[in-house]
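Biologist: I am new to this structure, and I would like to go through it with you slowly. Could we begin with a look at it?

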Amino acid sequence: MKALIKKELGHYLNNPFGYIVIILFAVFANFMFMKDVFVVGQVSMRQFFALLPWIAMIFVPAITMRALTEERRTNTMEILHTIPLTAAQIVMGKFIALVIVAMIALILTLGLPVSLNVLGAGSGSSLYLPEVLIAYVGVVLFFAMAISVSLFLSGGTNNQVVAFLLGALALFFLNVIGTDMINSLVPRAVEDVLTLLSPANQLDSFIKGVLDIRSIFYFISTTAIMLFLTIMDIEKRS
Amino acid sequence: MINLINVTKKFGEKKAVDSLSIEIKTGEVIGFLGVNGAGKTTTMRMITGVLKPSLGTVSIDGVDPIDHHIATAKKIGYLPENNPLYPDMKVSEYLHFIREVKKHGSYLEIAEKVGLSDMLDTKIETLSRGYRQRVGLAAALLGDPHILILDEPTSGLDPIEQDRIRALITELAKEKVIVFSTHILSEVEDIATRIIIINRGKKVFDGPKPKGKGAVEKLFKTKVLENEIKKDS
């Protein structure tokens with residue numbers, strides 16, 4: 001599986017497309033936060049982390065859209081099926097490589113907490129670093145879940161554009177459930193369920209610097225279920 | 001070694017392979033012949049575990065290639081039809097990847113064997129068809145598999161490249177079980193020890209290679225036509 005992870009990383013990092021997507025993510029994420037920093041006037045990263053699920057809606061499908069569709073389109077899936085790799089290893093190898101790519105993109109946002117601390121130094125404010133670290137942990141878990149959802153949906157098509165659109169739609173849906181707008185339209189019982197299922201709400205505890213075991217369980221179990229379904233789908237298709 | 005017992009493969013209502021039974025033993029070089037759409041590639045995909053039969057059983061050394069995928073994948077080197085490769089990888093990167101998965105052998109030795117030593121730093125997308133075929137063959141040879149399944153290994157190559165690949169297969173045939181499909185009947189005359197002809201998914205001939213120049217072509221045409229007439233009546 002290590003060999004497959006290295007190969008997958010090579011596809012993204014030895015390719016202009018990979019660099020463009022990562023840099024666009026970093027530029028957009030940094031800009032969307034920094035444009036309001038002086039207006040808000042607070043030394044806080046919470047707005048930034050709350051913004052990331054919406055940016056992930058485009059970034060994650062962009063990096064996952066080729067992972068399985070390209071293998072099917074070029075028939076290289078046939079090669080993967082005939083070398084000593086199980087379907088689970090194929091999926092996990094691609095998943096881990098994608099999470100690494102997402103983490104590289106997130107690393108490019110680490111300048112923000114540094115900048116905020118420098119900007120806030122003048123007024124005696126500073127970031128509470130453990131809160132920022134826990135928030136990043138939550139974001140990584142969110143991205144991993146988003147990647148697993150997008151990867152599963154891309155398995156049903158040979159077309160990268162369709163894979164991208166399916167992933168974006170699914171992540172949009174996941175971002176929207178549990179928002180106040182949707183909650184106001186549904187009965188109370190449904191509202192409670194949607195709040196529980198909403199990744200953005202689960203991420204909220206991390207953003208506030210709380211390592212909530214229920215949220216960790218939510219992200220890990222959702223990711224595991226989606227990866228399991230992807231593995232089953234690949235085995236069924238062969 | 002390779003055993004197919006009453007293997008049928010359906011795609012929807014269409015039978016691509018119909019009640020096929022074949023036994024292939026050590027030391028054999030099988031020329032697998034058939035017109036386009038006869039079921040050769042489907043059969044090869046079932047042998048390698050890419051496809052599951054709808055009916056019947058496939059076994060490699062007594063085990064199902066899908067249920068025991070890892071064990072059988074180590075025994076089989078497969079060159080698929082149209083030779084799918086990763087165009088953005090260099091030859092060395094691709095062979096290194098396959099070698100790391102198969103965990104056996106040296107990709108540099110194999111590259112030298114197939115004549116790729118000078119192309120290791122070249123991106124696959126810039127290679128000619130002949131060299132790409134050599135990359136596919138090198139990948140199939142990595143891990144020193146005992147069985148080689150080669151689906152049209154000389155398809156689309158110029159005559160000189162065809163001769164090179166044929167010479168390589170002839171050399172490999174001394175130590176491996178080889179099943180290769182081809183439309184070039186002279187290849188079968190040169191390399192195979194046994195011929196299997198399938199038509200419309202059914203086996204119409206299975207026996208030793210006939211002797212004499214042009215004998216394979218005559219046999220092929222006779223058997224295929226016989227089967228067509230039988231189907232029509």
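**Strands, domains, helices**

Biologist: Which residue stands opposite Gly31(B) in strand 7 of chain B?

Modeller: Residues are numbered from 1 along each chain as its sequence is written, while chains are lettered from A and ligands numbered from 1 in the order in which they are written. This is a predicted model, in which local features need pLDDT of at least 70, side-chain atom pairs count only at pLDDT 80 or more, and totals for chains, interfaces and linings use all residues. Strand 3 (residues 29–33) of chain B runs parallel to strand 7 (residues 177–181) of chain B and is joined to it by four bridges, where strands (E, at least two residues) and helices (H or I, at least four) are DSSP runs numbered from the N terminus, and two strands pair if DSSP finds at least two bridges between them. Within this pair, the residue opposite Gly31(B) is Phe180(B).

Biologist: How many of the residues of strand 3 of chain B are buried?

Modeller: A residue is buried if 20 or more other C-beta atoms, placed from the backbone, lie within 10 Å of its own, exposed if 12 or fewer do, and partly exposed in between. Val29(B), Gly31(B) and Leu33(B) point one way from the strand, Ile30(B) and Phe32(B) point the other way, and all are buried. Strand 3 of chain B is thus mostly covered, and the number of its residues that are buried is five of five.

Biologist: Which helix of chain B gives the most to the side of domain 1 of chain B that touches domain 2 of chain B?

Modeller: Chain B is divided into domain 1 (28–73 + 148–233) and domain 2 (86–145), with bounds that come from an automatic or database domain assignment, and their centres, taken over C-alpha atoms, are 24 Å apart. The contact takes eight residues from domain 1 of chain B and seven residues from domain 2 of chain B, two residues being in contact if their C-beta atoms, placed from the backbone, lie within 7 Å. With three residues, the element that gives the most on the domain 1 side is helix 6 (residues 159–172) of chain B.

Biologist: Which helix gives the most to the side of chain B that touches chain A?

Modeller: In this contact, 22 residues of chain B meet 18 residues of chain A. The elements giving two or more residues on the chain B side are helix 2 (69–73), strand 5 (76–79) and helix 3 (91–102) of chain B. The most, six residues, comes from helix 3 of chain B.

Biologist: Is Leu127(A) buried or partly exposed?

Modeller: Leu127(A) lies in the loop between helix 7 (111–121) and helix 8 (129–154) of chain A. Beyond its neighbours within four places in sequence, its contacts include Val43(A), Met45(A) and Val132(A). Because 16 other C-beta atoms lie within 10 Å, Leu127(A) is partly exposed.

Biologist: How wide an arc do the buried residues of helix 12 of chain A cover around the axis?

Modeller: In helix 12 (residues 199–207) of chain A, the buried residues are Pro199(A), Gln202(A), Leu203(A), Phe206(A) and Ile207(A). They are on the same side of this helix, because the arc that they cover around the axis (that of the directions from the helix axis to the C-beta atoms) is only 155°.
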